Amino acid sequence: MSLTLIAAAAAAVAATVGYMAARREREAQAGGGGEDERAARARSPEDAIWDELPFALGDVVLAGTEERWLSGAIVARERGELVAVVFLAPEGATQRAVAAFPAPRREILWLAPATVDSPDEPPATLEIAGMTLRRRARLPAALARLGRGAPAVGNAGIFALYEGGGNDAAVVLASEGRIHAWAGRRIEDGGYERLGGGGEG
């Protein structure tokens, strides 16, 4: 092998070693260079929401013989803490919903759109589709829309949960002078099944 080729090979090796060392240094400065750290940094801030819930945007949820594909969501937080997510699921021309709560709660609310005669402030009691429901929670919440199909809401609103006889339940969301309501039933852990791998896509 000629001296020219030896010198060229040595230069190539030195350049590769230098590049690898510089890359390791950049990764160390960024907080670690392992695959786990890079994967964690690649996750969007919204991904952390799903870690607290029984399912995620993009999942299909089965309750009895009914399936719902969770294509959109309204996320409600109080003082930065996740309090509930109302998932939206298209069924033909109707937009069904499933409400979920962060751990340790594992029950869900299996809901359909409802019309309520309510002022800007969700009242203490409601009558929806023949059900009499009492308000169990009223939270001033920061709101965010994710995915597809979630109704238009402002950055803040009032999130109210209602319960009635048996498993009757409802959610009322008041934001920017508009009321969004869903009514249905509560389903305990074990009464529903998560299908699909989660995530929005």
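Please keep in mind that the model is predicted.

Let's start with the rings. The structure contains 3 aromatic pairs. In one of them, the ring centres of W50 and F87 lie 5.8 Å apart with the planes at 35°, so this pair counts as tilted. If you trace the two residues along the chain, you will find W50 in helix α3 (residues 47-51) and F87 in strand β4 (residues 81-91), so the pair ties together parts that are 37 residues apart in sequence. W50 and F87 are both buried.

Stay with F87 for a moment, since F55 also pairs with F87, this time edge-to-face. Here the distance is 5.4 Å centre to centre, and the angle between the planes is 65°. Taken together, ring pairs join W50, F55, F87 and Y192 into a cluster.

A ring can also meet a charge. The charged end of R105 sits over the ring of F101, at 3.9 Å from the ring centre.

Now turn to the sheet. Three strands form an open sheet in the order β2-β1-β12, and their pairing is antiparallel. At its edges are β2 (66-69) and β12 (193-195), each of which pairs on one side only. On average, neighbouring strands in this sheet are turned by 25° against each other, ignoring direction. Looking at one pairing in detail, β1 and β2 run antiparallel over 4 bridges, and V61 has R68 in β2 as its bridge partner.

How values were computed: Residues are numbered from 1 along each chain as its sequence is written. This is a predicted model: local features need pLDDT of at least 70, side-chain atom pairs count only at pLDDT 80 or more; totals for chains, interfaces and linings use all residues. Side-chain values use heavy atoms; hydrogens and water are left out. Rings of Phe, Tyr and Trp (its six-membered ring) pair if their centres lie within 6.5 Å; planes under 30 degrees apart count as stacked, over 60 as edge-to-face and the rest as tilted. Buried means under 20% relative accessible area, exposed over 50%, partly exposed in between (1.4 Å probe, protein chains only). A charge sits over a ring if NZ of Lys or CZ of Arg is within 6 Å of the ring centre and within 35 degrees of the ring normal. Two strands pair if DSSP finds at least two bridges between them. Axes are lines fitted to C-alpha atoms, for helices over the stretch in contact, and angles run from 0 to 180 degrees between N-to-C directions.
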